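Here are my notes on this one, as promised. Have a look at the fold before reading on.

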Amino acid sequence: MEIINLGEADGLPPVDWATVVEKLDAGSSPSAEARNSRTTWLSTINEDGSPHVTAVGARWLDGTFWLQTGATRKGRNLARDPRCSVAVSIRDADVVIEGDAVRVTEPVAVARIAKALGGQRLARRAR
């Protein structure tokens, strides 16, 4: 994994990844006063190569982001090109994870993650 310190130019140290994972595992969010304090954003690639960004219901579980999708633009984009990024704000940090989405169809895994997502249908995970 590569960590890029976007605050380096301002003299800020890199964020400790273990601390970020602890906050993600705990369901951390920015302060209650923050706008969009619980919004998770998914970026995919449209057929023409342009970016597509949409808010998604996603859950950090077992070291990966899980999300559901169907015959939507994001679902079609991920089926064609699994490269994506997930962005979320947690307390004291904005986190962006880039990687490939993997379709999950194994019934036990789907049921477990669907329960964690509050019963939503699950089709992909981003890791």
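1. A word on method: accessible areas come from the Shrake-Rupley method with a 1.4 Å probe, and for residues only the protein chains shown count as cover. By that method the protein exposes about 8100 Å², with carbon and sulfur atoms supplying 50% of that area.

2. Bear in mind that this is a predicted model, where local features need pLDDT of at least 70, side-chain atom pairs count only at pLDDT 80 or more, and totals for chains, interfaces and linings use all residues. Residues are numbered from 1 along each chain as its sequence is written, and side-chain values use heavy atoms, leaving out hydrogens and water.

3. There are 3 helices and 7 strands (DSSP runs numbered from the N terminus: helices are H or I, at least four residues; strands are E, at least two). Reading from the N terminus, the order is α-β-β-β-β-α-β-β-α-β.

4. Of the 127 residues, 34% are buried (under 20% relative accessible area, 1.4 Å probe, protein chains only). Among contacts (heavy atoms within 4.5 Å) with a separation of 6 or more, 57% join residues 24 or more positions apart.

5. Take a look at Thr40, in strand S1 (residues 40–45). Thr40 has a relative accessible area of 6%, so it counts as buried. Leaving aside residues up to four places away in sequence, Thr40 touches Thr54, Ala55, Val56, Ala58, Val86, Ala87 and Val88.

6. Then there's Ser85, in strand S5 (residues 83–90), buried at a relative accessible area of 15%. Beyond four places in sequence, Ser85 touches Trp41, Leu42, Ser43, Val96, Ile97 and Glu98. Ser85 and Val96 lie 11 residues apart in sequence, with 6.6 Å from C-alpha to C-alpha.

How values were computed: Buried means under 20% relative accessible area, exposed over 50%, partly exposed in between (1.4 Å probe, protein chains only).
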